[in-house]
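Please keep the sequence and the structure in view while reading.

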Amino acid sequence: MKIYLNGKLVDKNEAKISVFDHGLLYGDGVFEGIRSYNCLVFRLKDHIDRLYRSAQAILLDIPLSKEKIAAAIIKTLKANKLKDSYIRVVVTRGEGDLGLDPRKCRQPSLFIITDNIAFYPAELYKRGLDIVTVPTRRNINEALSPQIKSLNYLNNIMAKIEAINFKVEEALMLTNEGYVCECTGDNIFMVRNGRLFTPPASMGFLAGITREVVLEIARKRNIPVFEEVLTRYDLFNANEVFLTGTAAEIIPVVKIDGRTIGLGKSGSLTLSLIEDFRRATKIDGYRYSL
């Protein structure tokens, strides 16, 4: 496997950064997760734009232009002969000292990994997820904007550990006030009486690109869409619930906190949105050839 690292393609075993890199020491950096489908990088521009917005918010200068990052992604995919891939683009503050001062980091580090990923076991896409609400609350907006896709994911990891302890795959995270926010790596939707609901981004989560695609699909199909404050009570009484994310795509939820959702299986609207999303991944993005 080849890794793009600071302008060069290197073997996986040679892809190394300093132990003094502030991305490692302090989670000081940003990243994007992107997917390619049969030689089409899905929504590449949207992902790169978001990477730059995250970097701008933390005053991190990305050493390549948007066009050159796109070219580096394609170069890495081709080097690894990958038609279908999960792509991770990471920019760290770079090597510094043991202090927090970002001025001590003279040059950012940038690397790109292209590989396969199975975010959830395949059988869960057929039977649906059981999820639980966990004690760990989502970071408040005033502490760290959720729109910054930073390398510091400990808040989500703590919630993931709690889900694992409950022997389920995913955790529902609430806001500090107790409203529905998101799961550890995915946004959440519910269906009630043919209408689609999802929390507004102001609740304190990263508004995902897959989430936006689902909203676009729903509006084109004239499905009523509402971005509203939701509670667990709303989810418990939904006809359908599903999660969205770049790695997860769209996956149904059939049980929350021991309560069966709807008929306890993937609902008709969820299934139709999955079909529409899969069609979008064939046409909406940057095409390359091996």
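Which residues do ring pairs link into a cluster? In this predicted model, the cluster consists of Tyr 37, Phe 42 and Phe 277, linked by ring pairs.

**Aromatic pairs**

The count of aromatic pairs comes to 5. Two of them are set out below.

| Pair | Distance between ring centres | Angle between planes | Type |
|---|---|---|---|
| Tyr 37 and Phe 42 | 6.2 Å | 90 degrees | edge-to-face |
| Phe 197 and Phe 226 | 5.1 Å | 20 degrees | stacked |

Phe 197 belongs to strand β11 (residues 195-198) and Phe 226 to strand β12 (residues 225-227), so this pair ties together parts that are 29 residues apart in sequence.

Tyr 37 has a relative accessibility of 13% and counts as buried. Phe 42 is also buried, at 5%. Phe 197 is buried at 2%, whereas Phe 226 is partly exposed at 27%.

**Charges over rings**

Lys 66 has its charged end over the ring of Tyr 52, 5.5 Å from the ring centre. Arg 259 lies over the face of Phe 236, at 4.1 Å from the ring centre.

**A helix contact**

Two packed helices are described by the angle between their axes and the distance between the axes. For helix α6 (residues 209-220) and helix α8 (residues 268-280), the axes come within 10 Å and cross at roughly 110 degrees. Angles of 65 to 115 degrees count as roughly perpendicular, so α6 is roughly perpendicular to α8.

On the α6 side, the contact involves Thr 210, Val 213, Val 214 and Ile 217; on the α8 side, Leu 273, Asp 276 and Phe 277. These residues divide into 5 nonpolar, 1 polar and 1 charged.

Conventions
Residues numbered from 1 in each chain as written. Predicted model: local features only at pLDDT ≥ 70, side-chain atom pairs only at ≥ 80, totals over all residues. Heavy atoms only, no water. Axes fitted to C-alpha atoms, helices over the stretch in contact; angles between N-to-C directions. Helix = DSSP H or I, 4+ residues; strand = E, 2+ residues; numbered from the N terminus. Parallel < 35°, antiparallel > 145°, perpendicular 65-115°, else oblique. Contact = heavy atoms within 4.5 Å. Nonpolar A, V, L, I, M, F, W, Y, C, P; charged D, E, K, R; others polar. Phe/Tyr/Trp six-rings, centres within 6.5 Å; stacked < 30°, edge-to-face > 60°. Buried < 20%, exposed > 50% of the residue type's maximum accessible area, 1.4 Å probe, protein only. Lys NZ or Arg CZ within 6 Å of the ring centre and 35° of its normal.
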